[in-house]
Amino acid sequence: MPTPTTAPGGPLLGPTSREALRAVCRRAVEIARQRRRPVLASWATPLPHTDAVALWRRWRDRADRSLLWESAWDRGSLVAVGAAHVLTGRGTGRIASVRDSWQLLIQDAVAGGRPVVTLPTGQGPLLVGGFSFAPGATARTAPFPDALMWVPTLQLRSSPAPAPTTELRLNAVVHPGDAPDQIAAFLAQLAEHHPPAPPTHRPSEGPPPPRRTPAPPATRHELPSAGAWQDLIRRAVHRIGEGAFEKVVLARELRIVAGTPFDIPAAVERLRHTYPDATLFAVENSGHTFLGATPEYLVRLSGRTVQTLGLAGTAPRGATPEDDAAFERELTDSAKLRHEHDVVVHTLRDALRTSCSRVTAPPSPTVLKLPNVQHLSTAVDGHLGERDAGILEFVERLHPTPALGGHPKAPSLDWLSRHEGLDRGWYAGVVGWTDAAGRGEFAVAIRSALVRADMASLYAGCGIVAGSEPAAEYAESCAKLRPMLHALGVE
Ligand SMILES: C=C(O[C@@H]1C=C(C(=O)O)C=C[C@H]1O)C(=O)O
């Protein structure tokens, strides 16, 4: 078990660390010269265990791009600041193109320092970022294009188990003509201490972060209007009746102008406090932030175990235990909601079977209770077969599942693209990370918002099947928007 070497308040990198970092950069430049291509240099050291949000607050301003991630699976966290190397892709081949470029880059990476080998997942340099719901991002969502994954310059990976650990990792992609000592000096400087971060609360500890109400009062704009969205639901139900498809997920946007900039760290703290079981994420790029607390993960690959989650079918929470139980019964007894859910579970099962020797799922869903809504939930797990498959292969195969797109895929997505009239951007897309071995975690980016200064776009969608009632779906979408409204201090 490595022990942290840094004293609180002292320099983060002592002379020995700086020398080791220079050695890694020199070796990487040497290999870059020999192979005549860029090489990834990666150096790591243990840090005293620190809360992820505190780390993110301390370092996020150091670069134009950052990511905060706290996993619902194991509460492992990741803070990624700056970009040593950026991978993008467009169109339908975007996920595969990112995967291929990552494999090429990682194969001759040079690593050094004192990595924390007890991190249960996500060791070594990581590729972080996400993919939009559908290819074809517009100017409005440009900072969050079809595919944007990057190797962070500064990477902090923490795990609460088996023992609380935090690893600091510095990454750079070096070229044949680069001066390695300058690169090492730049990395060391980036990592140096900022003033101590303000204290943050663990979800279960202390009072909730203070509520912040933007002043002057925020203006709200529904896109489309409540009436137009419900008309769209009627049209979808009509097409379902005609047999065009079985299910489609219709989403809408709530645009808010607050008059004063939103306080992003406060929003993150509030999401974390109110939704402690969700995966928390915040991706920042060029002054825009895409953040959320999602109960839905797309896929996790750890060792040879593949985990996915079918989450579809929603009911409100009741004000009293009796009301709540009544809503839960409606959820579990409704043939309509069960159908909406089963469509997702079957798709996940089929997608895993392609690469897994064993796929398991309980015969009936459980109920996931969140503070704002309750969902039917089924964990679908697989065990990798003889052929190794990386997580980006699973992302490509699974995304979008019928929990966010529709079923059958082609006609429902085609109808959506022609009628929804919404640039979803990264809403209902995927956010996460992968390591050198193709292991990693990706969440479905719902219960999310895109924020820039005093403007925020919040999104919510509902699965539409035969028998869906527009007014009930609209009420459900309002309930799904509530966490973010609350986090941003608007409600
Ligand atoms: C589309 C959203 O949620 C999805 C739709 C659900 C449903 O229709 O029951 C439930 C969970 C999510 O898969 C959203 O929150 O925006």
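Of the 491 residues of the protein, 50% count as buried, a residue being buried if 20 or more other C-beta atoms, placed from the backbone, lie within 10 Å of its own. This is a predicted model, in which local features need pLDDT of at least 70 and side-chain atom pairs count only at pLDDT 80 or more, while totals for chains, interfaces and linings use all residues. Residues are numbered from 1 along each chain as its sequence is written.

Overall fold

- The protein has eleven helices and 21 strands, taken as DSSP runs (H or I of at least four residues for helices, E of at least two for strands) and numbered from the N terminus.
- The C-alpha trace spans about 70 × 55 × 40 Å along its principal axes.
- Among contacts between residues at least 6 apart in sequence, 76% join residues at least 24 apart, a contact meaning C-beta atoms, placed from the backbone, within 7 Å.

Helices α1 and α4

- The axes of α1 (residues 15-35) and α4 (residues 180-191) come within 8 Å and cross at roughly 135 degrees, the axes being lines fitted to C-alpha atoms over the stretch in contact and the angles running from 0 to 180 degrees between N-to-C directions.
- On the α1 side, Arg 18, Leu 21, Arg 22, Cys 25, Arg 26 and Val 29 meet Pro 180, Asp 181, Ile 183, Ala 184, Leu 187 and Ala 188 of α4.
- The residues of this contact divide into eight nonpolar, no polar and four charged, with Ala, Val, Leu, Ile, Met, Phe, Trp, Tyr, Cys and Pro counted as nonpolar, Asp, Glu, Lys and Arg as charged, and the others, Gly among them, as polar.

Key:
A residue is buried if 20 or more other C-beta atoms lie within 10 Å of its own, exposed if 12 or fewer, and partly exposed in between; C-beta atoms are placed from the backbone. Two residues are in contact if their C-beta atoms, placed from the backbone, lie within 7 Å.
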